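Student: I should like to work through the architecture of this chain step by step. Could we begin with the terms on which the discussion will rest?

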Amino acid sequence: MDVLIVDDSSTMLMYLQRLLVKEYAADVVTNRDPVQALLEAGTHAFDLVLVDQNMPQMDGVAFIRALRAIPHYAQVPIAMITGEAEVSLRLAALEAGATDFLDKFADRIELTVRLRNLIMLARAVRRLDDEASSIAGELERAMRQLREREAEVIFRLALAVEYRDNDTGDHTWRVARYTQIMAETLGLDPDYSWRLYLAAPLHDVGKVAVPDGILLKKGRLDEAEFAVVKNHPVVGKRILNGSDSDLIQLAAEIAEAHHERWDGTGYPYGLGGMEIPLSARIVAVADVFDALTTARPYKDAMSFEEARRCIESERGRHFDPDCVDAFIAAWDRVQTVRAARGGEILAGLVRGTEPWARVPEMRREIAFASE
């Protein structure tokens, strides 16, 4: 039990301190200066405060009012030490937040009983505060676990989609990182940037509806085949739509609009400019850049610098100019991501802090070798 006593009388300070230590084994801090005592109270969480009414610089009522303004002391018992019986003074103290009064001229028995009641109240307040903190901590841990599991499910679903047309999950991871980097460079809210990182991997979830014969075709798609591919944003939105999760709602927004173009010539709806959600405009740059630099059944990988030039050439046509500018501004970070393998980076991540830390690298040859 930590007690603060504020009184300009050294005699009263020593008397109360001895009584609290002897009767209740309290840890007592005394201070004769109310201004200094307020500063001390701001850095030390006292369980009980006893303050004199008549002091230089600041009286007891003003001290109590100032102390109650400190968040920790909203419920902490505060008793005023006074020898005055004026009703107006006591009302002023109560309005300022005083819990009780200690009469300077009371006998030892009365003073001991009043202190006992204050100590019991302080212990009860502290116990309730500790329980509330414990519950808040448990709730935060539970919410964090739910968020982590939600993120992990998203990444695993994204990997399942990517597994159909890519040897590893690196594409999914890189698109997520490029997206986060651009969002941060654009100065977006850190929480939103993180949610974009988690939602971006589901941008192509609608490809589950595209037959393998089209998805893995080595040659150029004909008009009918391309029409099937162009429907995957609609399918993606349909799969993700209607969720109560903000994260899934964001993923649905991205899945539906990441093939729209700034100049209005994209699909599925031909949206243009600011009609396209910002999330989808960011992911569009990340997705196209990684697609250009990744070998697919129907094409070879483009060089890093050539892919950058392609992105820059589409500024204001395919892509939002601001998103391209952010991508180029963060070029050093982009190169770091593109130069690494997702699986190698994941090996160094701590489980529970990064969704990818629980998601294995996927290779077709491994799966086939086990058959």
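Tutor: Two strands count as paired if DSSP finds at least two bridges between them. Please keep in mind that this is a predicted model.

Student: How many bridges join strand β3 to strand β4, and in which direction do the two run?

Tutor: Strand β3 covers residues 48-52 and strand β4 covers residues 78-82. Among the facing residues, Leu-50 stands opposite Ala-79, and Val-51 has Met-80 as its bridge partner.

Student: What is the order of the strands in the open sheet, and which strands stand at its edges?

Tutor: The sheet has five strands with parallel pairing, in the order β2-β1-β3-β4-β5. Two of these strands have a single partner each, so one side of each is left without a neighbour in the sheet. The twist from one strand to the next averages 20 degrees. The edge strands are β2 (27-31) and β5 (100-103).

Student: How many residues of β4 are buried, and on which faces do they lie?

Tutor: In a regular strand the side chains alternate between the two faces of the sheet. On one side of β4 lie Ile-78, Met-80 and Thr-82, and on the other Ala-79 and Ile-81, all of them buried. Both faces are thus covered, and the buried count is five of five residues.

Student: Is helix α12 largely enclosed or largely open?

Tutor: A residue is buried when its relative accessible area is under 20%. The buried residues of α12 include Arg-281, Asp-287 and Asp-290, as well as Ile-282, Val-283 and Phe-289. Because 12 of its 15 residues are buried, α12 is largely enclosed by the rest of the structure.

Student: How far apart are the end C-alpha atoms of α12?

Tutor: Helix α12 comprises residues 278-292. At 1.5 Å a residue, its 15 residues should span 21 Å.

Student: What percentage of the residues in the chain is buried?

Tutor: The chain has 17 helices and five strands. Its accessible surface is about 18,500 Å², with 54% belonging to carbon and sulfur atoms. Of its 371 residues, the buried share is 45%.

Terms used. Residues are numbered from 1 along each chain as its sequence is written. This is a predicted model: local features need pLDDT of at least 70, side-chain atom pairs count only at pLDDT 80 or more; totals for chains, interfaces and linings use all residues. Side-chain values use heavy atoms; hydrogens and water are left out. Helices (H or I, at least four residues) and strands (E, at least two) are DSSP runs, numbered from the N terminus. The expected span of a helix is 1.5 Å times one less than its number of residues. Buried means under 20% relative accessible area, exposed over 50%, partly exposed in between (1.4 Å probe, protein chains only). Accessible areas come from the Shrake-Rupley method with a 1.4 Å probe; for residues, only the protein chains shown count as cover. Axes are lines fitted to C-alpha atoms, for helices over the stretch in contact, and angles run from 0 to 180 degrees between N-to-C directions.
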